[in-house]
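Hi,

Here is the structure I promised to pass on. Have a look first, and my notes follow below.

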Amino acid sequence: MKSATDPAVDEKCAGHGPDAALAATRSVRDSSPQHEGQTRAAVVQLLLEEGPITAPEIGKRLGLSAAGVRRHLDALIDTGEARAAAPPRRQGRGRGRPARRFQLTAIGRARLGHTYDDLAGAAMRHLRELGGEAAVEDFARRRVRSILAGVEPAAGPDEIEATIEDIADAFTAAGFAASTRRVGTGMQVCQHHCPVSHVAEQFPELCEAEQEAFVEILGTHVQRLATIANGDSFCTTHVPLPDPAAHARSDSDP
């Protein structure tokens, strides 16, 4: 349970923008049958990177009519790939009901690319049998180091924010659809997809190694607020940023 001082996970972790989704819909206004699959894939990509998101927002982003958005959302809901998200807890009591927001389900994420989950899970279990917990932890650390191999550690407080962006870019290149956003006095890294979420459900060492790598590279405390492996909508890591005023005062001290 999070304490009252814990930074909140935003109901919508805003991303860099669904470039892949927009690229996939250059011909989306053509409603002929051959574009249905292409359009459906674009809606799924948008739900992945920007969800929870409203139907009007989907229509605006992809150039779809309200009826077109509803048709694709209904189809995804019928197959269990999408669902209406619970309204934000801090939703104000304004006039009317808040617009419904939609997001992918675990089934929807699973269909994006978990072909080798069974094989990977079997390999991890075999590794544990041969080398115990230490072998699994070592593998998890090696894996995240390979993802972040091109990211230079922050040399000081002034470089933390730029390094966070580098970390997000590295995870995006590895298939995690990561984005960053400012939250209060810190930043959050949001991973909208996890290619290994099914394996991470059985082996939390994979998630723990990611958090350790954040601390090592950034040189500061970080807090994991949510993970897809635990059933959350996205993985969210909060990084407190140093207070520039306090940093300036320390530099001026004799």
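Does Phe-171 count as buried or exposed? At 0% relative accessibility, Phe-171 is buried, where buried means under 20% relative accessible area, exposed over 50% and partly exposed in between, with a 1.4 Å probe and protein chains only.

Before going on, please note that this is a predicted model, in which local features need pLDDT of at least 70, side-chain atom pairs count only at pLDDT 80 or more, and totals for chains, interfaces and linings use all residues. Residues are numbered from 1 along each chain as its sequence is written, and side-chain values use heavy atoms, leaving out hydrogens and water.

Now the aromatic rings. Phe-171, Phe-176 and Phe-214 form one aromatic cluster; rings of Phe, Tyr and Trp (its six-membered ring) pair if their centres lie within 6.5 Å, with planes under 30 degrees apart counted as stacked, over 60 as edge-to-face and the rest as tilted. The planes of Phe-171 and Phe-176 stand at 85° with centres 5.1 Å apart, so this pair is edge-to-face. Phe-171 and Phe-214 make a tilted pair, with 6.0 Å centre to centre and 35° between the planes. That pair links distant parts of the chain, 43 residues apart: Phe-171 lies in helix α7 and Phe-214 in helix α9 (residues 205-218). Helices (H or I, at least four residues) and strands (E, at least two) are DSSP runs, numbered from the N terminus. Phe-176 is buried at 2%, and Phe-214 is buried at 1%.

One more residue to look at is Ala-177, in the loop between α7 and β4. Its phi is near 50°, a positive value in a residue other than glycine.

Best wishes
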